[in-house]
Amino acid sequence: MLSGHYRVDSLEGVDAAVDATPNLYIVDESFLASHRDRISHLTDDSDSVFQPVLLVTTHAERELAESIWQVIDDVLTVPTQPALLRNRVENLVDRQKLSQQVEDERDKATTLFQRIFQSSNDAICIADIERERVRAANQSAQDLFGYSAGDIETVRLADLYPDYEAFMGFVDRVIEEGQGRTEELRCENASGDLFHVSLSSSYVEIDGRPHLINNVRDITEQKGREAQRRQSEQYRKRLYEITSDPGLSFDEKLDRVLELGCERLDVANGHLVRIDATTDSHEVLKASGSEIVQEGSTQALEPTYCSKTIESDSVLALHNAPEQGEEYERAFEKSGLATYASSRLVVGGEVFGTVCFVDREPRDSPFSEREKTFIELIARWLSHELERRERTHILNDLHRVSVDLLTAETREEIVSLATEAVEDIFGIDIAIVYLVRADGETLDPVATSPGAQERFDRELPSERVGTSPLGGVFEGNESVPITDLDDGSDGGSFETLHSMVGFPLRDHGILLVGSTEMEALGRTDREELELLATNTAAALTRTDREQQLREAHQHRSKLFENSTDCVVEIEFEDWTPIIRDVNPAFESVFGFDRDAVRGDSLQRLIVPPDRTAESDSIITRARRGEPFETEVRRETADGRRDFLFRGIPIEEDGKVTSGYAVYTDITERRRQEQQVQVLNRILRHNLNNKVNVIHGYATRIQDQVDGPVADAVTAISEASEELLDLSEKTTQFRKANKRDPASDDINVVPLIEELIADIRDEYGEMTVTVDAPDRAEVVGGELLRIAFHEVLENAVKHAAKSDPTVEVTVTEAGSTEGWTEITITDDGPGIPAIEQDVLKSGLETPLQHGSGLGLWLVNWIIKSLGGDFTVETPDDSGSKVTFHLPQRSIGGLGSVEPPFEEPEW
């Protein structure tokens, strides 16, 4: 039954030869009893491959001894079913085949491991933990530890790991966790040398014993680099602590930095060198360490190492100069320094010098990159600190000059300070200040530095703003390099100046700075010269402003002292106006001595007790910053008088702190106004009523009499009519004058035509010509109706013939825009000379007065409108009246000059 599926070999004994490893042994009880030990040995020799044994017996499985299971793997009791036999056999055979496959895969893995083990660049050791020996080591491990293949397997682990207690602690962690890694162990090779290792381990069991597969990597160099890095960081930290210590001066910091550099680089001397490019020499400003280089020593720049350093952008590092090139032989012969490391120092964009670390003995090895970086850090700090100190020195000098500029009293003193500062502070010998003329088109040289005075032995020419390079600086208001500048000489002294820059002085002019050296003006110099130019411009602005203030103060002082009005300068203390000064007019009117009233309350001195509320209201308005005027009554040396008060508050920082009070005496004017009002009432009411009565009675009796009496009555009637007409004109003017004359615009052309028609209806035939545009807008309104009517009526009413001629022209006033000229010409007898004289003088006297109110009325109206009129009487006959009136388009009364000369009246 089994032969159909398997190859079956019958053996008489277990030692019988077979040509293949069996998949299954089938035995009975007698065979097992006689060959038990041998069967057990055969299954053990099969290594890890499962070799099954099936026992066929007539006994039940439970009847078998317990020990039999140490030899067999399964039991089959017979008789049995063929299918059961087949299943048991197939199961055991399948298990055996699977075990064989697993073993084959393990053999492949072992072969692969052996290849990797032997070919790996990393040192790999297999450590037997129980026996504390190396079980196996690849070639890399043998090379690392210095043992042969046979010898290394006899070495104790304690011989390889001198820190054995730490190693065993690591082993325990690996066994517990299955794997582990450390860089804190050291190993010892066959020669007894110690080295640091990185150890990566995995736990395995071999032959039932614990083993570690150790991957060992030499990290001695890495540890060295890390130590160097830590050392470098420590030195950098110490450098930072020194340079940032606020309690140390620059000299103290420099001493400690040089000492630290010597320590870091293991050299005998460190020193700071300043190089003078003009003399090609260098000076040791500071030295630390041994005296192989001494502080204060000077020598020619060539053939020193420093001459090579300043040509290099990086650190010049020579660990054995005689062996590092012929170019260093001369420097070595001169100095005897075999070790030299240096970096150049740049201050303000220019080479200042070098910082050097030197020794007579050569170094064993070249300077490392970390050491070079440390030198660069020192050079960077020194460059920054030297530039800061130099800039601080310059700024201090500039501050001193700025103080002098702030106290300078004249423009001449200011520009002289500026040019001298350029030479004294910056060492630049050419400085010229050009100031612009009042016309804004020409720049004049007004100040030169001492060096410029020596260089230019002639007067420098002025420069045009729109065409010269200096004019471009002034217009552009930005500092720029200057080229192609001509000083007017044959050779052109400006031509040998290699560095010229113009700095604007705002709207005052420019500061020109120049040098014979190429690129003498670095970026820092230009920034600081711009600061000087800014301060100079500010000083010029200040002096100009102070001059304006002095002139304004002189004008105000003259106005204050000579004004006929009473003027008081006050200062507010809380709400009280305190007198600071008064003018002579105030002294005269109010009867106070100016020295005596200074510091006293103005309100207390001149405000009557019953006017306190009014005075408080005025103070309130003044403190609000409102200029205003009002009529007040005040106590004076002659009693109470009326004044027009004008308050002029002055604000400082948005707050009213002082001001002026101006008092104009209007006592007489108010008395005259009251008298006029009373007389006007009497004339308007009383006299007008009486004249009406006279006129009425004259009219009633006129037809009842004849002869001389009739003539007398007619004269009475005409006289009363004239008086009534005069009263009516006065009333019209009073009513019209109550309106704002500037509030109305009127087209005078239709107005004149309308008035001509009215007069023609009243007086009959007359010849009138009008030469006028369609529109002529002027300021005036109804007031002009009264004025034009008076002149037109006068031309017809007093005409010498029955058909008078009147010409009216309306035109623009000459070439001046904004004014209209209106001329009315007649052929009458003309206006009497006495009437014209009265108008010109503006006064009437008992001996010189006019015959009526007409021309006065016209004069008042035209003047009230901001215009004027003239009266002419040609030699032959007639009158010519010319009006000059403002138009609304000029933007308001008095906004332009009138196109006529102010008349004498």
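Q: Which strands does helix α6 lie across?
A: Helix α6 (residues 164–177) lies across β6, β7 and β8. Its direction runs at about 165° to β6. Contact here means heavy atoms within 4.5 Å. Angles run from 0 to 180 degrees between N-to-C directions, and axes are lines fitted to C-alpha atoms, for helices over the stretch in contact.

Q: Where do the helix and strand labels come from?
A: They are DSSP runs, numbered from the N terminus: helices are H or I with at least four residues, strands are E with at least two.

Q: And what kind of model is this?
A: This is a predicted model, where local features need pLDDT of at least 70, side-chain atom pairs count only at pLDDT 80 or more, and totals for chains, interfaces and linings use all residues. Residues are numbered from 1 along each chain as its sequence is written, and side-chain values use heavy atoms, with hydrogens and water left out.

Q: Back to β6, β7 and β8. What order do the strands have in that open sheet?
A: The order is β5-β4-β8-β7-β6, with antiparallel pairing. Two strands pair if DSSP finds at least two bridges between them.

Q: Which strands stand at the edges?
A: β5 (133–137) and β6 (179–188). Each has a single partner strand, so one side of each has no neighbour in the sheet. Neighbouring strands are turned by 35° against each other on average, ignoring direction.

Q: How many bridges pair β7 with β8?
A: There are 10, between β7 (residues 194–206) and β8 (residues 209–218), in the antiparallel sense. Serine 198 stands opposite arginine 217 in β8.

Q: New topic. At what angle do α7 and α8 cross?
A: Roughly 170°. The axes of α7 (residues 220–243) and α8 (residues 250–265) come within 9 Å. These two helices are therefore roughly antiparallel. Angles under 35 degrees count as roughly parallel, over 145 as roughly antiparallel, 65 to 115 as roughly perpendicular and the rest as oblique.

Q: Which residues make the contact?
A: From α7, Gln231, Ser232, Tyr235, Arg238, Leu239, Ile242 and Thr243. From α8, Lys253, Arg256, Val257, Leu260, Glu263 and Arg264. By class that gives 5 nonpolar, 3 polar and 5 charged residues. Ala, Val, Leu, Ile, Met, Phe, Trp, Tyr, Cys and Pro count as nonpolar, Asp, Glu, Lys and Arg as charged, and the others, Gly among them, as polar.

Q: And aspartate 266, buried or exposed?
A: Aspartate 266 counts as exposed, at 65% relative accessibility. Buried means under 20% relative accessible area, exposed over 50%, and partly exposed lies in between (1.4 Å probe, protein chains only). Aspartate 266 is in the loop between α8 and β9 (269–276). Its phi is near 60°, a positive value in a residue other than glycine.

Q: What is phi for most residues other than glycine?
A: Negative, and most peptide bonds are trans.

Q: Where is aspartate 653?
A: In the loop between β24 (639–652) and β25 (655–665). Aspartate 653 has a positive phi of about 55°. This residue counts as exposed at 84% relative accessibility.

Q: Let's move on. Isoleucine 759: which helix?
A: Helix α22 (residues 748–763). Isoleucine 759 is buried, with a relative accessible area of 1%.

Q: What does isoleucine 759 touch?
A: Gly764, Met766, His789, Leu792, Glu793 and Val796, not counting residues up to four places away in sequence. Isoleucine 759 and leucine 792 are 33 residues apart in sequence, and their C-alpha atoms are 7.7 Å apart in space.

Q: Last one. How many residues of strand β32 are buried?
A: In β32 (residues 879–886), 7 of 8. Strand β30 (residues 819–826) runs antiparallel to β32, joined by 8 bridges. Strand β31 (residues 868–872) is antiparallel to β32 too, with 5 bridges. Lysine 880 in β32 stands opposite threonine 825 and opposite glutamate 872.
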